[in-house]
Amino acid sequence: MDKLKCLSFFKCRRKENAEVAPENLHANENDENQERGNWSKKSDYLLSMIGYAVGLGNVWRFPYLTYNNGGGAFLIPYVIMLALAGLPLFFLECSMGQFSSLGPVSVWRILPLFQGVGITMVLISLFVTIYYNVIIAYSLYYLFASFQRELPWSKCSISWADGNCSRSPFVTHCNVSISINEIFQVNKSWVDANNLTCINGSEVYQTGQLPSEQYWNKVALQRSSGLDETGVIVWYLALCLLLSWLIVGAALFKGIKSSGKVVYFTALFPYVVLLILVIRGATLEGAAKGISYYIGAQSNFAKLKDAEVWKDAATQIFYSLSVAWGGLVALSSYNKFNNNCYSDAIVVCVTNCLTSVFAGFAIFSILGHMAHISGKEVTQVVKSGFDLAFIAYPEALAQLPGGPFWSVLFFFMLLTLGLDSQFASIETITTTIQDLFPKVMKKMRAPITLGCCLVLFFLGLICVTQAGIYWVNLIDHFCAGWGILIAAILEIIGVIWIYGGNRFIDDIEMMIGAKRWIFWLWWRTCWFVITPILLMSILIWSVIQFRRPKYGQIPYPNWGVALGWCMITFCIIWIPIMAIINIIQAKGNIFQRIATCCRPAANWGPYLEKHRGERYENMLDSKKETNHEISNISDSRKPE
């Protein structure tokens, strides 16, 4: 049958073994793969993977989930889900990328029917990079704002605070006696204006808004009333967004050769800051109480009976490891063929999870101190997500001696955590372009990379308007959810159930060497049964539990929700589209066409001829091809 074709934009490029051109900044003479390039050192790759996996969620989501789901008891389902779902998917994606030396779209030569899965991964990564850099811009703004003698959110400033700004509850109404036997409940401001006195015990208290909360909403964001009120572009956030994209572009203009060096700082510096914060937090009064709520005496093992806890553990592992985003395949595609991707997967996954646990000590020790000095329970000050990063934690830091110093450290840590995750996301996009247009990328890698950053900057400007936080939340709610789950489910079904789990294991053994059957028993059990069932369960649960998005207590308009559905539909619609296109372009009756699309493409296999061995000796190679389209894929594909 004829070779499966793709749309011109997604055309499957043939592998070339040409000598590296002088202008190819992506490879050097020491690289095994002169066409695509390789990581300069193993440590470049490992730190890039750790930086990609360890992101903002490890600091602002995991500690809250642990506290909310039974404290130390939550670590039990967390570790179990790491072994059953996270690690198997992580190892699978690393192996796919390294074996083929291809990015997330071209790697689906393994199964042309599912080529759209790779496109979905890249499109979702593209949407996420738009708002993720906005969060980095927030961190930059707070970092710059921290270089002052006194943190601007340390007290209620007359220039931006209103009457609700207070660290303690304040009186809104009380009873007053105007004449004998006449008692009225009146507004406290009226009482003060008329020089009256409230009757003891009649005061009505209202919880005030923290200075850090009003600063976040009124100064940093200049937040509007909702998605309907776009407002103007907040100029200083736009400048911070531009700076963040310039940093990303500068780090990636030579691809992995430059980003692989930058991550030595961006991946390691957060650990230095976390260690400093843990040590400082441990010396504060109330820290022990905060830790006890996080992972100590307040742990509630009865929570393990709650299915919601297990769902949260599986979801956190899934998103924390960044599987099914395309980045793991892209970064692994630059490995040397015989790199031990198995040990790499173990190291990165364990490091990621230990980082999450360690970050919780830094967060809860200082929140415990904040609760102590404010006379509140830890449960009243603990937050998650934006509320933790830009309200609760800055509020706690403002009350420490030398608050500006600790604030600079914290927001610099958030900046570096976000940047190395962003590096990998952009590398996912540029790797896809590299696979589709290799000759163009040879000559114009830097301009194309910087061009991508510039386009994404302009697309992100809507997220730095006065309604920007609503857009960030909307994209995150829809694009970083179901689409990734669907891609992951189809990925494991396609590779393990259709391509063949045993065949895939043979491919891995070509890279890391033959293993005893007992070694693969666990991986077979997870890949064939446990992991797909867990992913499907999470997807079904997410559909059942779906709620309309809202920011705080502000609901989204119908058009906003519809736009969210359009975004995720645009991402996943390529799965059936590419399947239909490939089936139409195959030959034979409908069953023969589907069968053809369920077989590897003729050019699937190790990138370099020296690694193909007998199993892939008939793999199509550019040296043996002419410029016309090759036909008869059934005769040319590798033996099963």
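Modeller: Helices here are DSSP runs of at least four residues, H or I, numbered from the N terminus. Keep in mind that this is a predicted model.

Biologist: Which helix gives the most to the nonpolar patch?

Modeller: Helix α8, residues 235-252, with five residues.

Biologist: Which residues make the nonpolar surface patch?

Modeller: The patch is made by F144, F147, W235, L239, L242, L243 and L246. Its area is about 740 Å².

Biologist: Take L242. Where does it lie?

Modeller: L242 lies in helix α8.

Biologist: On to the cysteines. How many disulfides does a search of the whole structure find?

Modeller: The search finds two. A disulfide is a covalent bond between the sulfur atoms of two cysteines.

Biologist: Which cysteine is joined to C156?

Modeller: C165, with an S to S distance of 1.9 Å. The link of C156 and C165 is left-handed, with -85 degrees about the S-S bond.

Biologist: Are C156 and C165 buried or partly exposed?

Modeller: C156 is partly exposed, because its relative accessible area is 32%. C165 has 10% relative accessibility, so it counts as buried.

Biologist: What about C174, which cysteine does it form a disulfide with?

Modeller: With C198, and their sulfur atoms are 2.0 Å apart. This pair links distant parts of the chain, 24 residues apart. C174 is in strand β1, residues 170-179, while C198 is in the loop between α6 (188-193) and β3 (204-206).

Biologist: Is the link of C174 and C198 left-handed or right-handed?

Modeller: Left-handed, with -60 degrees about the S-S bond. Both C174 and C198 are buried.

Biologist: What pattern do the disulfides of the chain follow?

Modeller: The pattern is 1-2, 3-4, if you count the bonded cysteines along the chain.

Biologist: Is C463 buried or exposed?

Modeller: C463 counts as buried, because its relative accessibility is 1%.

Biologist: And C566, which cysteine sulfur is closest to its own?

Modeller: The one in C479, at 11 Å, so the two are too far apart for a bond.

Note on methods: Residues numbered from 1 in each chain as written. Predicted model: local features only at pLDDT ≥ 70, side-chain atom pairs only at ≥ 80, totals over all residues. Heavy atoms only, no water. Patch = residues over 30% accessible without salt bridge, like charges linked within 9 Å, V, L, I, M, F, W, Y side chains within 5 Å. Areas by Shrake-Rupley, 256 points an atom, 1.4 Å probe, with all protein chains shown as cover. Salt bridge = Lys/Arg side-chain N within 4 Å of Asp/Glu carboxyl O. Helix = DSSP H or I, 4+ residues; strand = E, 2+ residues; numbered from the N terminus. Disulfide = S-S within 2.5 Å. Buried < 20%, exposed > 50% of the residue type's maximum accessible area, 1.4 Å probe, protein only.
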